[in-house]
Amino acid sequence: MLITSVQEKMADVGLLSALVKVLVRDEEERREAVGLLLDLSGLQSVRRRLGRIQGCIVMLVALLNGDDAVASHHAGKLLKALSSNTQNALHMAEAGYFKPLVQYLKEGSDMSKILMATALSRMELTDQSRASLGEDGAIEPLVRMFSTGKLEAKLSALSALQNLSNLTENIQRLISSGIVASLLQLLFSVTSVLMTLREPASAILARIAQSESILVNQDVAQQMLSLLNLSSPVIQNHLLQALNSIASHSRASRVRRKMKENCAFQLLLPFLMETNIKIRSSALNLLYTLSKDLPEELTDQLGETYIKILINIILSSTLDSEKAAAVGILGHLPISDKKVTDMLKRANLLPILVSLMTSKSEISTETTCWLVESITGVFIRFTNPSDKKLQLYSAEHGVIPLLVKSLSSGSSVAKCRAATSLAQLSQNSSSLKKSRALRWSCVPPPADAICEVHGGHCLVKSTFCLVKAGAISPMIQILEGKEREADEAVLGALATLLHDEIWESGSNYIAKKSGIPAILKVLESGSIKAQEKALWILEKVFEVEEHRDKYGESAQVVLIDLAQQGDSRLKSATAKLLAQLELLQVQSSYF
C-alpha cells in the first residue's frame, strides 16, 4: 500500500489522466493501472478528479463487464468508491451500470432520489437496460416514491416508471408492487396539484393492462370505464387502450360480462363520432373486442344509426386498423337476422368490402391480415345457403374469386372463413346446375363449361361451382399444411361434392386432385370434429373400388391407430370404415 504523501503527489490530474488512458491497453497494463487507481481512490480529491476525467467511468464499466476477473474486481471496487458522488453514479448509469443509481433510489436523500428518478426518466434505455434496472430493484423504490412522496417526487418517479414499463418483465414487477390501486386513486383525484400526474399515470396503466396479471385487481375495468368521460383526450385514449387490453385477455370473460352489465356499449358508441382519430380508433378496438360476446344483443346495441356510422368509417377512414375493427364489429352481428342483412345490403356494404379487399396491399401485415379476416367473416352472411338470391348477388359482385384467393394467401382464420363461405355456396351448385340445364337444353354448352363433378353447365357466377372456381387445389393444400385451424371448414366444403347423385364424380375429382392422402393426414393430427368429417368423406370415397385399391393400404394404418388411440366418439365411424376396407366385420366387438 502506498503511503499517503506519495498518493497525494500522484493525485495530480495529469498523472491520473495518464493512468486512465492505460485502461485501454493490454491485459497486464490494464490490471496494474486499475489496481493503482483503486489504491489512490482512498483520497477524496482523487475520487473527485477521476469522475471528471473524460471516458474514465465508461472504461471502468467496460472492465467491470470484461473477462479479466482481477481487473473486473478492482474496477467494481473503484466504481463503488466513485459512486459516493451522485454525478458519478449518473455517469455510471449512462454507461450501463445501474446499481449505484438504484442504491440512491433505495437509500439516498429525498433530493438524490428525485435526481436519480428524473435522470432515469430522460435516459434513452434499451430493453437490456430496462431489464437490468428491473433486476437490480429500481421499480420498488420508485413505486414508494410515487405512493408516499411529495409532488416533485411523485412526478419524477412516475416518469421513470413510464420509461421502465416499456418492458414486459417490468410490467409484472409493477403489478406485484401494488401500483395499480395507487394509479387509479390518482386518476380519480380532483386535487389540482396532482393533475399533471394523471397523463403519465394513465400511460403506465395502459402498459400494465397488457399483462393478464392485472386481472387480480378486481373491478379495475369498471373503475376505468367510470373515468372515461371525466378525463382529457390523452387520458381517455390511454384508458381505452387499457380497457381493450384487459378485455382481450383469455381469462377476462367475467370482466367482459361485467362491462356489458355496466352499459359499456352505450358509453363507448358516442366515441365513434370523435374527431380525435386516436380516441376513435381505440374505442373501435374495444367495441370490436366486446362485440365478440354479444351476437344476439349487438343489433339492438348498435341500431341502424351506429351501423351506418361504422360503414361510413369503413368508407372514409385512412387507417386499415379502423376499417378492420369496424368490419369486424359488423361481422359479429347475428347472421340469421335477415333485417340486418337487408340493412347492410341497402347500405352497399358488400361492394364496399369487395373493393376494399381487391385494392388492399399485397404486403401482408398484422393489420391487413385482420382486415381480410374481418371481411371474410362478413362474406359468410352474404353467402347464406338458404338465400340463393343473396348468394347470386355476392357472386355477381366478385366475392368467389376473393374467397378462393384467401384460401392461398390469408391467415388460418381467413382460410377457415373463406372455406365456410365456399361450402355454403357449393351447397346449391347441384340445384342451380339442373335449372340452368333446363334453360339451355336447346343450345349445347361449350365443352369446357361441362363440370366434371356436377355433370352439367357450370359457371362460377351462376352455379357457384367450386371446381370451376379453382377452389379444390388450394383447399387440399390447406389440409396438407401444418396449420390445422381451417381443416373442419375445408372438409365441410369438400363434403358438398359428395352429396346425392354427384358423390361418385365428386370422389373421383377429390382423388384426381390428390385429396385422399391430405384427408388421411387430418385423421392423424386434426381436431375431433375435423376427424369426424374426414371419416365421413373417406367412407364416401372408398365406395369406389378404384380408390379402395389405391389408398386402402395406407388408410388402414391410420385407421387402426385411430381405433386404438383415438377419441371414443370416433370409434363407431372408424370401425365402419375398416369394415368397408374388409379389415373388420361390421358387427365386430373389437370396439
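This is a predicted model: local features need pLDDT of at least 70, side-chain atom pairs count only at pLDDT 80 or more; totals for chains, interfaces and linings use all residues.

Trainee: OK. By this rule, how many salt bridges does the count come to?
Mentor: The count is 12.

Trainee: Which residue does aspartate 293 form a salt bridge with?
Mentor: Its partner is arginine 256. The closest N and O atoms are 2.5 Å apart.

Trainee: And where do aspartate 293 and arginine 256 lie?
Mentor: Aspartate 293 is in the loop between α20 (277–291) and α21, and arginine 256 is in helix α18 (residues 253–261), so the pair ties together parts 37 residues apart in sequence.

Trainee: Is arginine 256 buried or exposed?
Mentor: Buried, because its relative accessible area is 15% and the cut-off for buried is under 20%. Aspartate 293 is partly exposed at 42%.

Trainee: What about lysine 338, which side chain does it meet in a salt bridge?
Mentor: That of aspartate 342, at 3.4 Å, N to O. Both lie in helix α23, four residues apart, about one turn of the helix. Aspartate 342 is partly exposed, with a relative accessible area of 31%.

Trainee: Switching topic. Which residues touch the most other members in the largest nonpolar core?
Mentor: That core has 175 residues, and those touching the most other members are Leu101, Leu120, Leu142, Met259, Leu302, Phe379 and Leu422. Helix α21 (residues 298–316) gives the most to this core, with nine residues.

Trainee: What is leucine 101 in contact with, leaving aside its neighbours within four places in sequence?
Mentor: Leu90, Ala93, Met116, Leu120, Met123 and Leu133. There is also a second, separate core of 26 residues, with Leu37, Val46, Leu50 and Ala75 among them.

Trainee: Last topic, backbone. What is the phi of asparagine 348?
Mentor: Positive, about 60 degrees, although asparagine 348 is not a glycine. Asparagine 348 lies in the loop between α23 (338–346) and α24 (349–359). It is partly exposed, at 42% relative accessible area.

Trainee: And where is serine 514?
Mentor: In the loop between α34 (503–512) and α35 (515–525). Serine 514 has a positive phi of about 60 degrees, and is not a glycine. Its relative accessible area is 39%, so serine 514 is partly exposed.

Definitions and conventions. Residues are numbered from 1 along each chain as its sequence is written. Side-chain values use heavy atoms; hydrogens and water are left out. A nonpolar core is a set of buried Ala, Val, Leu, Ile, Met, Phe, Trp, Tyr and Cys residues joined through side-chain atoms within 4.5 Å. Buried means under 20% relative accessible area, exposed over 50%, partly exposed in between (1.4 Å probe, protein chains only). Helices (H or I, at least four residues) and strands (E, at least two) are DSSP runs, numbered from the N terminus. Contact means heavy atoms within 4.5 Å. A salt bridge is a side-chain nitrogen of Lys or Arg within 4 Å of a carboxyl oxygen of Asp or Glu.
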